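We will go from stop to stop, and each stop says what to select.

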Amino acid sequence: MIYYRKEKVKEDLMSEKKSKKINTLNYWIDIESSTPPNIKTSHFSNKSDSKWNQTVSFGEKGELLWAEPLSDEIEEPKEWIHKVFLGIYNTKYVIKEFSTKEDIEELRRSHNTCLVSFKVDGHGLPIKNTLVVPDYLKSIALSTIESEKAGKEFELRLQEIYATWGHRIRKDKEHLTHKELNDLLVIVLKELEWSDLTEAYLENHDFHSLAYTESLNTKILKEESTQKFDTDDITSSMIVDDLIEVKRKLKTGQTSAPLERYLSDNFEMTEKINVIDKGDNKNTVLRNGLELDDLPMVCWPFTGNYKLVSSQQFAVNKFFKHIEEESVLSVNGPPGTGKTTLLKDIVANIIYKRAEEIYRYKDNPHAAFTKLGETSLKVNSKSVQEIFKMNKDLCGHEIVVASSNNGAVENITKELPLINEIDPQWQKEAFYFKEAATVINGKDSWGMISASLGNKNNNYNFFSKFLFSQNIGTEDYTKSIFEYILKPNHHFITEKRVYWVDACKDFEEKRAKVKMLKQKALSEYNKMLEVSSGEIKADALKEKNTHVNLNKKYKMLFVKAKKDKVLFLKLKEEYKFKHEEHLMALEELDNKSMFKIRASLETKEQELKQECQKIQLKLRVLSKDMASKKLMLGELKEEIESAKVRFLKKAAELTEFKDFEKNYVLKPNQDIPFDKFWEQSYEKIQKSSPWLTDELNNARAELFLASMALHKAFIIENQKPIVANLNAFKQVLNGSFSENYDFAKAVWQTLFLIVPVVSTTFSSFGNLFSDLMQRSIGWLLIDEAGQSTPQAPIGALWRSQRALFVGDPLQVQPVIQIEDKLSNVLLEKNETEQYWNSTMLSAQEIADRVNPFGTTIDLGDKKWVGMPLRVHRRCDDPMFSVSNKIAYDNLMIFGKKRERSTTDIENILGRTRWIETQGDPDNNSHWIPAEGEEVLKMLSKVCSSENYEYGDKLPDLYIITPFKNISFSLKILLQKRRSEWCPKNINQKDLTDWIYKSVGTIHSFQGEEADVVFLVLGGNISRPGAIKWVCEEPNILNVATTRAKKAFYIVGNKVIWNSGVFSLVKEFIK
C-alpha cells in the first residue's frame, strides 16, 4: 500500500510537471496568435521605380496607386501588383481587449497594425483567394463574437464576404476606390463585433488610416532580381503551427531531452558552478575544465594557426563532456569574443565523432546501409524508388544551426566551406567535393560542409545546384552531386579521388598521432609533478647515499678481512710451533720408560695436543669467516658498481628535470600548464591556450581533414543507397513523405551525411523539417540566441537530441510585438509563471538558467549567464571599455595590442569623440536636421581629403542610429545631397548600395563590424519615453559601440543623452 502511494505521488508529480509545460506552450501559442503584425507605413520609393507605398487616408482625397501610372518606364498596369493592408489602427485597442484593467497606458511596444490584407492586380481589381486574416484577429474573435462564428469559422466567413465583394467589384467597377475599401472595412468590423474598435472607427475617428498599400513592379523586379513580392505570411506567426504540433505530441509523451530541460521549472535547484573562481579557489574550475583528457581530438584548421583561448576551450571541453547528461548548455559571447570561432571547433568535433563510427566499417563499408522500403516517385508513378537507412551508430550526428536572425545562421554556413577559412598550409589537402561546393557557394571553396536552407529561395538556390546538372553552355556546365558520387574518377578534376582503404589508413594514422601527442604531453606533465614534489631529487640523493654507505661498508669489511688474515697467519705459525713441540714430546715419550717420567711426558703431550686442536679449530673458523668476508666484499663491490650506475642515472635525470623545472615549474608555460602557469594574472591565463602546442594543434587539424576525406570515401563507396535516397529528396521537400516519417528521416540523414551542417531560421524550421519527429536531429546549435524569443526554438528543441545556445542577452533583444499587459493577461489565462514571460526574456536567458556552468554579472540586478567567453579581439579602446563597463561588469578582457596605428579616417577626423550638436527635431520625430548636417560635413571631409585611402570606393564606415525615422531621413539626405560629399566617380548604383549597406538602425547591424562608426542619436525631448528606453538598458549602446573596430563618433546633444548607460560614456569618450 505504501509503495502504491509513493508511485501515485510520483505519477501525480509527473502529471503536474507535464501540465505546467502544456500551460507554458499554450501561453506561447497565445502570444504568437495574439501578436498583431507591425505595419510600417512609408512613402519611400526607390530609384528604379520598382516599388511604391501609399497611406490611404479616409475620405476620397487623392488617387489610389492603381488608378494612375506609377512608372514612366513601364505604363502597363499588368506589370504591377498591389498589397493592401486594410484598417490601420494602433494596437492599444488590442491591449485593452485583453486587459482586465481600464487604465490602459501607452507603452513603447504599441504600433500600427491592420485588420486584414489582400492583393490587387495592376488594373486595381481585387485578386481572388488572396485575403489573409491575421491570427491575432481570430483570437480576438474568440472573445467578441458567438462561438459558432469564432476562430476558423470567422475566417471562413470573411473569406466568403471577400469573394462576394471582390466579384461585385470585378463585375461592376473599373477599379477599387476609397468607397469600396471603406465598405469592406465596415463589413469586417461588423462581423468581428468588436465594439471598442468599431466605436474608435465610427465615432472617435481614431484609426491611423483606411489602408496602407505596397505596390511592386514585377517586371523590373524580375529583371533586377533584387526583391521578391511574397508577403502572404506577413500577418501570421511563422512558428505557431509548430508550437501547436509540439504541444500535441507532448501530451502523448513524445518529447526530447533538450525540450524537457529547456521547459524545466526547477532551474533554481540547479547547482551552479561559477567558472570565474574567487578567493582560495582561484582558477580551480577553469583548471579542471581544461584538463588534457577533456581536450577534443580535432580542431578547425583556422587561418594563422589560431588556437582557442582558455574560455573558448573551456566551453568546448565542457560541452562535449557534459552535453549527454545536461542535453542543453549555453555559451555567452559578448561582441568580438569568438562565438563563430567556437562554433567552428564544435562542428569539426561532431564531424569527427561520426568519422570514428564510419571507421568501424573499414572492413565492410557496405554494411552501413539496409533497405527500408520502396516509394513511387511523383514525377512518374510507374517508377519505384528504393529507400535505405543508415545504421543507428551513424545517425545522431546531424548538425543544424538555427537562429531568429537570418544573417547569423547564414554567416557561419556560408563561411565554413570557403577556402580562406582554413590555413594555407592545408588548402592543398582540403578537398571535400570542392568543385560542387564552389558552384553552390559562388566563391572558391574547399568543401561542401554546409548549406543555408530554410526559406524557398535558399532551398532552391542550394538544391537546384546540388541535385541537378546545369548545362548553360560548354564552359558554364556544372555537375550535380550524383555525378561526383557515381563517376568520381571522371568528374573529380581539381581534387584527387580518395579510395576507401587509403582514407581509413590515413584516418587511423592521424588519430594515433593525436593520441600519441596527447600522451606525450601528459607524460611530461607527470614528470613535472615529480619534480615539483621533490621525488626525483630525493631519489638521486638516496642513490648517492647508498653508494657512499656501501663504500664505507666495503672499507670496514675490507679492514676486518685484512686483520683476520694477519691473525690467521699468526695462528698458523703458532700451530706450527705447537705442532712441532707436540711431535718432539711424542718422540721423547717413546724414549722414556720410567713410569713417573713417562706420566709427566704424557700429560705434557696431551696438553700440547689439545692446544694444537684449539688452534686448528680457530684456524678453521677464521678461514670460514675469511671466505665469507671475501664473498661479501665481492658482492659489495658489485653493489657499489650498481649503486654508482643508479646514482649517475638519477643525477642525469635530475639535471634534465632541473631544465623542466626552469622552463615549466619556475615560470609559466602554456604548452604544459603547471602550477606557475595558473599563478599568473587572470588576463594572461585567459589569453593563453593551455596544452595546445603547435605540434598537437596541427595534428588535430589534420585529423579533422582526414575525417572529411573518410566521409567522402565512404559516400562514394556507398553509391547505391545514397544516390537512391537523394533521388527521393524532392519528395521530402514537397511533403510527399508526410505520412511516412521513417522514409523522410532516412533521406534527411543521407543529406546530413554528405552536407554535415544545415542552417535555417526558426520561422522556417517547422516547414523545412516538417517530416522529422522528436529526437531526429543530433545536434542543434542556436546562434545569436539572445535575439530569439523564448518560444522560438521549441520546435527545434523537440526535434533534437542535444542543444547549444550561443549568444548574448546584453546585445539586441528579441523582437516581440506584444504589450507587457497583454502578455500578463495571457500568463494569467494559462496559469503560467512570470519566469516564462516572452516580453521579459530571450531564449538565451532560459538556456542560461538551466546551465550549471557560468557566472554572475552584476549590473544592479544579478544575472546568471552560461559559460562566458572573455577575450575581446574586435574593438580598440575606448569602445571596448565602454562596452565592458556598461554591459559586462568589467569581466571582458582586452585581447588586442594596446599600441596600434590609426586609420586614415581617424587622421582626418581625429580620434574617437562625442560631437556636440544643438538643434530642434523635425516635426514630431526624433530626427534632428542639425545632426544630419554634421554627418554631411564629416563625410565631405573624409571623401575630399588628400589622405583619403579608398580611391574610387566609398569609405568603410557605418552610420547607425537608435531610431528608424532617423535612419530613413539619413538615407534620403545622403541621396539628395550627394554632390556635397560623394566623390564624383561614384555611380548611382554604387552609392545606393553603399547607403543600403552602411546606414541603418543599431538593431540591423548586430553581428556586423567596420573600422569606423558614426552614432547619430537624435532625440525629441517632447517624447522622453523613447530616449529613456534607449538609455535604461545597456543593450543598444553596447551593440553600437562594439560595431566600431577603430574609431567611434557620437553625434548628439549631451544634455538630452545624459542618463542611464549614457551617463557612463563621458568617462571614456569626451
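Start with the lining of the second largest cavity: by class it has six nonpolar, two polar and one charged residues. Here Ala, Val, Leu, Ile, Met, Phe, Trp, Tyr, Cys and Pro count as nonpolar, Asp, Glu, Lys and Arg as charged, and the others, Gly among them, as polar. Select Val275, Ile276, Leu286, Ser311, Phe314, Tyr682, Gln686, Pro868 and Arg870 to show this lining. Helix H11 and helix H23 (682–686) each give two or more residues to the lining. The volume of this cavity is about 70 Å³.

The model is predicted: local features need pLDDT of at least 70, side-chain atom pairs count only at pLDDT 80 or more, and totals for chains, interfaces and linings use all residues. Residues are numbered from 1 along each chain as its sequence is written, and side-chain values use heavy atoms, with hydrogens and water left out.

What is a cavity? On a 1 Å grid over the protein atoms alone, it is a set of points where a 1.4 Å probe fits but cannot get out; lining residues have an atom within 4 Å of a point. Grid points are joined across faces, edges and corners, and a volume is the space filled by probe spheres set on the points.

Next, select Pro334, Ile857, Pro868, Leu869 and Tyr888. Among the 13 lining residues of the largest cavity, these lie nearest its centre. The largest cavity has a volume of about 100 Å³. Its lining holds nine nonpolar, two polar and two charged residues.

Now go to Asp877 and Pro878. The peptide bond from Asp877 to Pro878 is cis, with omega near 10°. Pro878 sits in the loop between strand E17 (871–872) and helix H32 (879–887). Helices (H or I, at least four residues) and strands (E, at least two) are DSSP runs, numbered from the N terminus.

Move on to Asp889, in the loop between H32 and strand E18 (893–894). Its phi is near 55°, a positive value in a residue other than glycine.

Last, zoom out. The protein chain has 38 helices and 23 strands.

Note on methods:
On a 1 Å grid over the protein atoms alone, a cavity is a set of points where a 1.4 Å probe fits but cannot get out, and a pocket is an open set with protein on both sides within 12 Å along at least five of seven lines; lining residues have an atom within 4 Å of a point.
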